[in-house]
Amino acid sequence: MKVTVGGSLKLAFRPWVEGLEHVPAEGPAILASNHLSFSDSFFLPAVLDRKITFIAKAEYFTTPGVKGRLTAAFFRGAGQLPVDRSGARGAGEAAIRSGMEVLGRGELFGLYPEGTRSPDGRLYRGKPGGLARVALATGAPVLPVAMIDTEKVQPPGKVVPKLVRPGIRIGKPLEFSRYEGVGHDRFVLRAVTDEVMYEIMKLSGQEYVDMYATAMKRQLMEAAKAEKEAEKAAKAGLSRAGKAEEEAEREQAAEQRWSAP
C-alpha cells in the first residue's frame, strides 16, 4: 500500500527533495517537520526509502461505512498510527509512548512540533512536550524537515488537490546527548525544541512567530466571530434605521393629507 500511495504521489506531483543523504539507512531517527497541509504526512513518506510512522487521530481509523474503511486503509498504507487524542494531556502522553515504541523498533518516527497546521503559512513556536521528551528519552537523532508549498497543493478546507510541485528539505541530524539525565527539566525541553525549530526555520525560509499555532487559530476564530457579529449588528442597525425612515415618511404623508384644503 505504501508503494502504491507513494508512487502515485511522486508520479502526479513530482516532489523535489534535498538532504536525503541525512536520513540514516538504518536505526531510529526522528523527523521533525513544519506543518503546512494535511498532505505533509503523505509527501514525506513518499520520498523516503524507509518506512516512517506518523501519529494520526484515532477517528480516521474508526469511522464506519465504506468511506471509513477506505480512509483507514489509506492512512495505514501511508504509515499512520492511530492515537486516541481525547483529552490534551492524554493525547500528549499517547503520542510520546507511540514515538518511543516506534523508535525502540529502530524505525523512523515523524512528528510536527507545532502541534497543528500553520493557519497562515508562518512557522509557529514548537510545543516542547512530545518532540523533546521523545528525543531525550530515546537518544534518537532529530532531523529537521521543511515542507515547501504543500499548502498550495491542498489548502485548508479544500478537498480536491491542485497539481503544484511541492518540495522537501531535510537537514543534518541534531543530537542532544549533552542533556542526558535532565530530560524532564522544562528549560531543557524548551531549549531542545527551540533549537529544532530554528533549524526548520532556516530550511523552510518561513517567518517565525513566537506563539503557539493553536493560540493564533483561536485568535483568528474569535476575530472572525467578532466580525460576523459586527456585520450582523450593522445589518440590524440599517434595518432599524430603514424602518424608522419609512415610519417618518408615513407620518409626514398623513400630516400632509390632514392639512390639505
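Just after helix H6, Gly139 takes a positive phi of about 75°. This is a predicted model, in which local features need pLDDT of at least 70, side-chain atom pairs count only at pLDDT 80 or more, and totals for chains, interfaces and linings use all residues. Residues are numbered from 1 along each chain as its sequence is written, and side-chain values use heavy atoms, with hydrogens and water left out.

**Helices**

Helices (H or I, at least four residues) and strands (E, at least two) are DSSP runs, numbered from the N terminus. H6 spans residues 128–138. Its buried residues are Leu131, Ala132, Val134, Ala135 and Leu136. Buried means under 20% relative accessible area, exposed means over 50%, and partly exposed lies in between (1.4 Å probe, protein chains only). Helix H2 covers residues 40–47, and eight of its eight residues are buried. Among them are Phe42, Phe43 and Leu44.

**Aromatic pairs**

A pair of aromatic rings is described by the distance of the centres and the angle of the planes. Rings of Phe, Tyr and Trp (its six-membered ring) pair if their centres lie within 6.5 Å; planes under 30 degrees apart count as stacked, over 60 as edge-to-face and the rest as tilted. The count comes to three aromatic pairs. One of them joins Phe38 and Phe42: it is tilted, at 5.5 Å centre to centre and 55° between the planes. Phe38 is partly exposed at 29% relative accessibility, whereas Phe42 is buried at 6%.

Why is the pair of Phe54 and Tyr112 stacked? Their planes stand at 20°, with the ring centres 5.3 Å apart, so the pair counts as stacked. Phe54 sits in strand E3 and Tyr112 in the loop between strands E5 and E6, 58 residues apart. Both residues are buried.

**Salt bridges**

A salt bridge is a side-chain nitrogen of Lys or Arg within 4 Å of a carboxyl oxygen of Asp or Glu. The structure holds 10 salt bridges.

| Salt bridge | N to O distance |
|---|---|
| Asp120 and Arg122 | 3.0 Å |
| Asp210 and Arg125 | 3.4 Å |
| Glu199 and Lys202 | 3.4 Å |

Asp210 and Arg125 link distant parts of the chain, 85 residues apart. Asp210 is exposed at 57% relative accessibility, while Arg125 is partly exposed at 25%. Glu199 and Lys202 are three residues apart in helix H8, so about one helical turn separates them. Asp120 and Arg122 also belong to a network of salt bridges with Glu207.
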